[in-house]
Amino acid sequence: DQAAVEESLRQQIQCLEKRIAEKDAAAEMQQELKAQASNEEMKRLKRTNKKLLQRQQIIEKELVTCAKGNDSLRGRILTMASEASSKEQTLTAALSQLKS
């Protein structure tokens, strides 16, 4: 009878050891899955960051192009204003001559 009790206890211990090993394996797998998910999230964030940096570079180039265009337009407007002023002075002088 003592041998049967010892065998039963031995089987229970083996069963508990097996459960502990399974629990440890499950915990290890869970940690691996968390690490994988974290790696995937990190990869996703890196891709997003790369896209945002590319968009930033495009916008910076567009701003430079716009600034150059604004400079060109400013130059044209100043030229037109100068020409208009010269024409106005010419017309004023001509009108003064006609009046005298």
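1. **Terms and model.** A residue is buried under 20% relative accessible area, exposed over 50%, and partly exposed in between, using a 1.4 Å probe and protein chains only. By that scale Cys15 is partly exposed, at 37% relative accessibility. This is a predicted model, in which local features need pLDDT of at least 70 and side-chain atom pairs count only at pLDDT 80 or more, while totals for chains, interfaces and linings use all residues. Residues are numbered from 1 along each chain as its sequence is written, and side-chain values use heavy atoms, with hydrogens and water left out.

2. **Fold.** The protein chain contains one helix and zero strands. Both are DSSP runs numbered from the N terminus: helices are H or I with at least four residues, strands are E with at least two. Helix α1 covers residues 2–99.

3. **Overall shape.** How does the protein chain compare with a compact globule of 100 residues in radius of gyration? The globule would be near 13 Å, whereas the protein chain has 43 Å. The radius is taken over C-alpha atoms, and the globule rule is 2.2 Å times the number of residues to the power 0.38. Along the principal axes, the C-alpha atoms fill a box of roughly 145 × 15 × 5 Å.

4. Thr65 and Glu17 are 48 residues apart in sequence and 72 Å apart in space. Leu95 and Ala27 are 68 residues apart in sequence, with 98 Å between them in space. For Lys99 and Gln11 the figures are 88 residues and 128 Å. Thr65, Leu95 and Lys99 lie in helix α1.

5. Lys99 has a relative accessible area of 69%, so Lys99 is exposed. Thr65 also counts as exposed, at 53%. Leu95 is partly exposed, because its relative accessible area is 46%.

6. **Burial and surface.** What share of the 100 residues is buried? Buried residues make up 0% of the protein chain. The chain exposes about 9,600 Å², and carbon and sulfur atoms supply 58% of that area. Areas come from the Shrake-Rupley method with a 1.4 Å probe; for residues, only the protein chains shown count as cover.

7. **Charges.** The protein chain carries 18 positive and 15 negative side chains. Lys and Arg count as positive, Asp and Glu as negative; His and the chain ends are not counted. The centres of the two sets lie 16 Å apart. Each charge is placed at NZ of Lys, CZ of Arg, CG of Asp or CD of Glu.

8. **Salt bridges.** How many salt bridges does a search of the whole structure find? It finds four. A salt bridge needs a side-chain nitrogen of Lys or Arg within 4 Å of a carboxyl oxygen of Asp or Glu.

9. **Lys43 and Glu40.** Their side chains meet in a salt bridge of 3.9 Å, N to O. Both residues lie in helix α1, three residues apart, about one turn of the helix. Lys43 is partly exposed at 45% relative accessibility. Glu40 is partly exposed too, at 46%.

10. **Glu41 and Arg44.** Here the closest N and O atoms of the salt bridge are 2.7 Å apart. The spacing is three residues, about one turn, with both partners in helix α1. Glu41 has a relative accessible area of 36%, so Glu41 counts as partly exposed. Arg44 is partly exposed as well, with 38%.

11. **Asp71 and Arg74.** This pair forms a salt bridge with closest N and O atoms 2.7 Å apart. Why are Asp71 and Arg74 separated by about one helical turn? Because Asp71 and Arg74 are three residues apart in helix α1. Asp71 has 48% relative accessibility and counts as partly exposed. Arg74 is partly exposed, with a relative accessible area of 47%.

12. **Cysteines.** How many disulfides does a search of the whole structure find? The search returns zero, where a disulfide is a pair of cysteine sulfur atoms within 2.5 Å. Cys66, at 46% relative accessibility, counts as partly exposed.
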